[in-house]
Amino acid sequence: MVDSQQLREYVPVLILAAVAIAFAFGTLALSVVVGKWANRSRRTGHSTRVKDIAYECGMIPVGDGSSRLSVKFYLVAMLFILFDIEVVFLYPWAVVYKSMLVDHANLIFGSMLTFLGILFVGYIYALKKRAFEWKS
Amino acid sequence: MIIGEFFRGLFLMIWRVATDQPEAKADLLAVFPPSARPVISAVLTVSPIIGIFATLFALTTLLERKGLGRIQNRLGPNRVGPFGILQPVADGLKMLTKEDIIPRSADALVHFLAPVVLAVPTILAFAVLPYGRNLVPVDMDAGILFFFAVGASTELAIFMAGWSSRNKYSLLGAMRAIAQMISYEIPLIISSVSVIMIAGSLSPVEIIAQQGRYLAGGFVPHWFVLTPWGLAGFIMFLIASLAESNRSPFDIPEAESELIAGHLTEYSGFKYALFFMAEYFGMFAVSGLAVTLFLGGWHAPFEFLEIVPSYVWFFAKLMGLVCLFIWVRGTVPRLRVDQLLNFAWKFMLPLSLLNLVVAAVWHFTAAWEFPGAGLGRWLLGAVMIGVPYVWLGRALSGSKKITQRTYRFAD
Amino acid sequence: MFMETAIDTPESKYEILPKTLSNGEMDGELLEVAMGPQHPSTHGVFRMDVVLDGEKVVKLKPVFGYLHRNHEKIAENTTYLASMPYTDRLDYLCSMTNNWAYALSVEKLAGLQPPERAEYIRIITGELTRLVNHTCLVGFLLQDMGALGTPLMYAFREREMILDLFESLSGSRMMCNYMRFGGCRVDLPAGWLEQAKRAVDSYSGFLDEFEKLLTENEILVARTQGIGVLPPDLAVNASITGPMLRASGVNYDIRKVDKYGIYDRFEFRVPLGDHGDVYDRYMIRLLEMRESVKILNQALRDIPAGPIVDPKAKLRGFRPKVGEAYGRIEGPKGELGFYLISDGTPNPYRYRVRPPSLINLTVLEDMCLGQDVADVVIILGSVDIVLGEVDR
């Protein structure tokens, strides 16, 4: 079975993920235990309202800490998705490039140049539309 | 009896790993019942990763502080232990005993989960890197893809940290971080695609195998960095990986002098330590990938040095890159957000796309058979990447209106 | 309990603040952020209430007074001489020039004339102070720019040599308390001039190295050129002085205008900038340091022997005659002046400091509007403030 063979590859990954999660939570738990023990003679850990306000250079924050943000960030995210997907399209081509070069050299080279050319046209369009201008 | 076998297997495993032999786990696994073997094997494979990299993290923090100290004409930490070598231990103990403060307005669950979400994928990314000739934790066909897939999830953690803190500095820092990381992720991936194209595989093991040859009597390694596209790709990969690991000069998300500590402002105690560790892990992972893709992985620089165990070369190259990162941190001022994003979108992205074309041409012209073809290919590649580099650089600095200035003097 | 009630009513620092800058859907909400008092780059306890649109500064209000120590009122309740050590604490990087400015105004009030050697010592210590201040400033500016301490540490290495000189001269590295009315406190110790000459000689080498590494650095240039522009007319109207004014292109140096002390004997030029941005302010300081080195070389060459205090000056029972005087010098940060009114008693009737840091800070908002948060930090750094002087 090809499928189970492929899936078996991921068993160590799963175990590594489990170990990593255990490591992260374990150290956090350890820090709680060690912190309690090391500070057993001190009065710490008492949260007061003043201590628990969000840090803003010692001033009391005005307004909400998570407000609506400028659309520019959204634009960057959109551009990222655009180009990232194009990169994903590049992967299969990149993998077969070498083997296809043997028989269909001009085909694979030409199709790649075409694809990258279209990508460049899109890029230049975005550039001219000032999509990359961070400062409006 | 079983215990004796177990220790014999353990010893053999360590011996075989140390001497670069294959099938290191075989004797140890034979002790266990067959049904448990895959799981035991996986545990044996992955548990050293955390151990080794946690140690490396401690060493690197020390190295960084010492190195930065020397760069800055200071001594660096020298109080804890001889020459301060126990400083990481002291730091770790301090972090363990620190009080954990969660702001009242924060989203406590997300705030708590963010460091875990950051730490886990960075550790996972180590799984696919080949550390030595026979030291590959997970020999995955789509290893590079897996690496980038888990690497991308670190952005989520930073956003979680920034948003859940309900702190304006955290929020600004997180938004900057996301914008920066996603912008530099594209050049990072594209410059690795050029290697994938030449190697014809997404498997790190295969990519390293392709770089295993030596030219000129064993003195010139066949590393991808020694080609025009490889050099350009390597430099772009390094720049992008500096940005991905939020290190100076791309440390605007933390931007100590502007945003207190960015998304880390509201983190204290061991959560902060986890963040800190995950960032170093990220740096190791991305440097490890750079070594794998461009610097020949675990191969020795000269053929006669192949007798040195292969993992030594991998970690030497890794630490070399880490030292480079430290050096850069001690040298360069920080860019502003808009300049940074301009650099990513107007310089790195077109140049990395172009580099892809250069790599394609490089391989396309491999069949050239006339005299001087090798040199011709070299020159063609160098010109194809060099001329746009100069042109784009000029355009970028021209748009910033940078001028040489002269000054008047009044008597 | 006070704090408990305080957090229940977070006061809005601005009365009318729209939710977004325009009514367009594309803009983010305005963010009201307090930068300071506990902020890594406000150079002390100083606060800027900033309103941000994304990263852009829409409003900025500097708030100071956290370090107010009642300097002027204290000085009115002590003798003239007893205020001298307090002036050290004004701008704690430049105690020598603070001493000098205060001594100068008291000398004007009491009609004292320092002897030749004392004037030379004042020039030497004053210009050394200028070197200290400008070196620190350049280091701090780059620190604010994110150069993580490397330029700062090298700047401090050079500053250290001058502080050693001050220590051997006055017994204290930063709080020198060295000048006296009509002269200086003690004469130069043996070998001091040679040591000073060595320090000054190595300084131009340091400046060359520093400039080679930083001035042409593309990141530095990109971060500073065109940022925080201060037009010359605004600078003059806001009575900005010092390197900041000269970076805007206005030729006004009190060393040249007043020729106080014996500055008319020295050959030096006043560098002027044309753009008034952060880069110009940075460069003007570097160029001024080179001019200071020139002055120091001449002064160290020409210094005569002789007494160091005006024989008419007396430490005990010092009562200037009724009158008023304003003495000013070109401090490293700008015009540092002391305005004194005497009513014939041992204490001044009125004692007023003209602090260059505070007055240079008043144009902060004008320079910062429309810039990024990241720029605010370096603009503040380029103004060159010391909170001890701002808040007094």
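Me: How many residues does the contact take from chain C and from chain B?
Reply: In this predicted model, the contact takes 38 residues from chain C and 32 residues from chain B.

Me: Which elements of chain C give two or more residues to that side?
Reply: On the side of chain C that touches chain B, those elements are strand 1 (30-35), helix 5 (116-144), helix 6 (150-170), helix 8 (218-224), strand 6 (270-272), helix 12 (278-302) and helix 15 (373-383) of chain C. Helix 8 of chain C provides the largest share, six residues.

Me: And how does that side divide by class?
Reply: The side of chain C that touches chain B has 21 nonpolar, 10 polar and seven charged residues.

Me: Strand 6 of chain C was on that list. How many bridges join strand 3 of chain B to it?
Reply: Three bridges join strand 3 (residues 408-410) of chain B to strand 6 of chain C, and the two strands run antiparallel. Within strand 6 of chain C, the residue opposite B:Arg408 is C:Leu272.

Me: Turning to chain A, how many residues does the contact take from chain B and from chain A?
Reply: That contact takes 66 residues from chain B and 60 residues from chain A. Elements that give two or more residues to the chain B side include helix 3 (37-71), helix 8 (168-199) and helix 14 (337-364) of chain B. By class, the side of chain B that touches chain A divides into 44 nonpolar, 13 polar and nine charged residues.

Me: Which residues have the most contacts inside the largest nonpolar core?
Reply: They are B:Ala119, B:Ala290, B:Phe294 and C:Val376, in a core of 260 residues. Helix 8 of chain B contributes the largest share of this core, 21 residues.

Me: What is B:Ala290 in contact with, leaving aside its neighbours within four places in sequence?
Reply: B:Ala290 is in contact with B:Phe234, B:Phe237, B:Leu238, B:Ser241, B:Leu295 and B:Leu321.

Me: Now helix 10 of chain B: why is it largely enclosed by the rest of the structure?
Reply: Helix 10 of chain B is largely enclosed because 15 of its 17 residues are buried. This helix covers residues 228-244 and reaches 24 Å from its first C-alpha to its last, close to the 24 Å expected at 1.5 Å a residue. Just after helix 10 of chain B, B:Asn246 takes a positive phi of about 55°.

Me: What are the domains of chain B?
Reply: The assignment gives domain 1 (2-48) and domain 2 (100-393) of chain B. Their C-alpha centres lie 32 Å apart. Nine residues of domain 1 of chain B are in contact with eight residues of domain 2 of chain B.

Me: And which domains does chain C have?
Reply: Chain C is divided into domain 1 (2-63) and domain 2 (71-391). The centres of these two domains of chain C, taken over C-alpha atoms, are separated by 33 Å. Their contact takes 15 residues from domain 1 of chain C and 16 residues from domain 2 of chain C.

Me: Which element gives the most to the domain 1 side there?
Reply: Strand 3 of chain C does, with five residues on the side of domain 1 of chain C that touches domain 2 of chain C. That side has eight nonpolar, four polar and three charged residues.

Me: How many bridges join strand 2 of chain C to strand 3 of chain C?
Reply: Seven bridges join strand 2 (residues 47-53) of chain C to strand 3 (residues 56-63) of chain C, and the pair runs antiparallel. C:Val51 has C:Lys59 in strand 3 of chain C as its bridge partner. The hairpin has two residues between the strands, and C:Gly54 takes a positive phi near 70° in it.

Notes. Residues are numbered from 1 along each chain as its sequence is written. Chains are lettered from A and ligands numbered from 1 in the order in which they are written. This is a predicted model: local features need pLDDT of at least 70, side-chain atom pairs count only at pLDDT 80 or more; totals for chains, interfaces and linings use all residues. Two strands pair if DSSP finds at least two bridges between them. Helices (H or I, at least four residues) and strands (E, at least two) are DSSP runs, numbered from the N terminus. Domain bounds come from an automatic or database domain assignment. Two residues are in contact if their C-beta atoms, placed from the backbone, lie within 7 Å. Ala, Val, Leu, Ile, Met, Phe, Trp, Tyr, Cys and Pro count as nonpolar, Asp, Glu, Lys and Arg as charged, and the others, Gly among them, as polar. The expected span of a helix is 1.5 Å times one less than its number of residues. A residue is buried if 20 or more other C-beta atoms lie within 10 Å of its own, exposed if 12 or fewer, and partly exposed in between; C-beta atoms are placed from the backbone. A nonpolar core is a set of buried Ala, Val, Leu, Ile, Met, Phe, Trp, Tyr and Cys residues joined through C-beta atoms within 7 Å.
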